[in-house]
Amino acid sequence: MKRLKNTLIFGIILYYLIPLSVMAVTPEEVAAVGKEQSAAGVFIWFLCAIAFLKVSQKIDSFMASLGVNVGRTGGSMMAELMIAARGITSVKSLHGGSFFRGGSIQGGSVQNQASFLSGGLVGAVGRHITQNAVNTMTGHTSNPISRKIYESSLNKGGAFANNITAAIAQGSMNMTGSMHGEQAAKALSSYMGHVGKEDAPSFSGVEIGGGRIMGTETSIAHPNGDRFGMYSSEQYMTPRGNYDTVTMQDNSVWYRQYAAPTVEKTPYMTPTGEIAYHETVVRRLPDMPKRKDKV
């Protein structure tokens, strides 16, 4: 029974490893080519599966660098072959274009198929994970694995989470989308390098995307909570009025402005028929600076 089970599993693995063109070979074609040459083709794919196991170990190392605990490949030959079958099936899906939905994460530019495997298989897998994480955090898709990877890195202030936040923050609002809510507040803290620091400011009502970051900051300098606006220096002109600059974890520079006391006038009619104004002091953000591509 155990031998039969192993035989069935091995057959399933070969089904995934061998291209469809090989699976469709007819007896006439085998006779024309020769049994030895046909068997050699299957044997080559078997060797490719073994070689893929080595690549899988590098992928595990890549995942571990993202802050994700992964199981190391190795053990029984049957288990390794199952991993190889699954991996090669994923690569075939990659080649079909199913992994990259719409465009790349940086600035919303379209993903070039010629570069989909640039950097090797590990590079392709890395881009797939990154794109899925961006789509998940902006609400375009829902991928629990990508979300888990992102949150695991975010809790540590890791580079992977910061790169995802940077891609959303600097991306096109129409193509990449935006991130908001509690997750965006945590992402901003990590993106600014506040994870694990004492007296770090807290954020709420945060929206990240389109080259700007908006929200409310509560800190020692702003104990009552003040609205703020941050604008990418690569996409926006220098703001008018008071501002400072912030260097994020990816070394990008952002302009930052806080809400300031502003006199707000509300017109009303006096008993004598004249127009007068009620003056109220409110805290408002300065006008948003102009985008460089709109000037």
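Helix axes here are lines fitted to C-alpha atoms over the stretch in contact, and angles between them run from 0 to 180 degrees between N-to-C directions. The structure is a predicted model.

**Helix α9 and its packing against α7**

On that basis, α7 and α9 pack at an angle of about 45°, and their axes are 10 Å apart. Roughly parallel pairs lie under 35 degrees and roughly perpendicular ones at 65 to 115, so this angle makes α7 oblique to α9. The crossing of α7 past α9 is left-handed. On the α7 side the contact is made by R147, Y150, E151 and L154, and on the α9 side by Q183, K186, A187 and S190. An α-helix has 3.6 residues a turn, so residues three or four places apart point the same way.

Helix α9 covers residues 182-191, and eight of its ten residues are buried, so the helix is largely enclosed by the rest of the structure. The buried residues are Q183, A184, A185, A187, L188, S189, S190 and Y191. After α9 comes G193, which has a positive phi, near 85°.

**The largest nonpolar core**

The largest nonpolar core has 31 residues, and those that touch the most other members are Y150, L188, I208, I213 and M248. Two or more residues come from each of α6 (120-137), α7 (144-155), α8 (159-170), α9, β2 (202-209), β4 (226-232) and β6 (253-258). The most is given by α8, with seven residues.

Leaving aside residues up to four places away in sequence, I213 touches A169, L188, Y191, V206, E207, I208, F228, G229, M230, M248 and W254.

T165 sits in helix α8. With a relative accessible area of 0%, T165 is buried, since the cut-off for that class is under 20%. Residues up to four places away in sequence again being left out, T165 touches Y150, M179, A187, Y191 and I208.

**Salt bridges**

Side chains of opposite charge can pair when their charged atoms come close. The count of salt bridges in this model is five.

| Salt bridge | N to O distance |
|---|---|
| D226 and R283 | 2.9 Å |
| R256 and D244 | 2.7 Å |
| R291 and D293 | 3.2 Å |

The pair of D226 and R283 links distant parts of the chain. D226 belongs to strand β4 and R283 to strand β8 (residues 275-284), and the two are 57 residues apart. D226 counts as buried, at 10% relative accessibility.

For R291 and D293, the accessibility classes are as follows. R291 is partly exposed, with a relative accessible area of 22%. D293 has a relative accessible area of 54% and is exposed, because the exposed class covers values over 50%.

Methods. Residues numbered from 1 in each chain as written. Predicted model: local features only at pLDDT ≥ 70, side-chain atom pairs only at ≥ 80, totals over all residues. Heavy atoms only, no water. Buried < 20%, exposed > 50% of the residue type's maximum accessible area, 1.4 Å probe, protein only. Helix = DSSP H or I, 4+ residues; strand = E, 2+ residues; numbered from the N terminus. Core = buried A, V, L, I, M, F, W, Y, C linked by side-chain atoms within 4.5 Å. Contact = heavy atoms within 4.5 Å. Salt bridge = Lys/Arg side-chain N within 4 Å of Asp/Glu carboxyl O. Parallel < 35°, antiparallel > 145°, perpendicular 65-115°, else oblique. Left-handed = near helix turned anticlockwise from the far one by under 90°.
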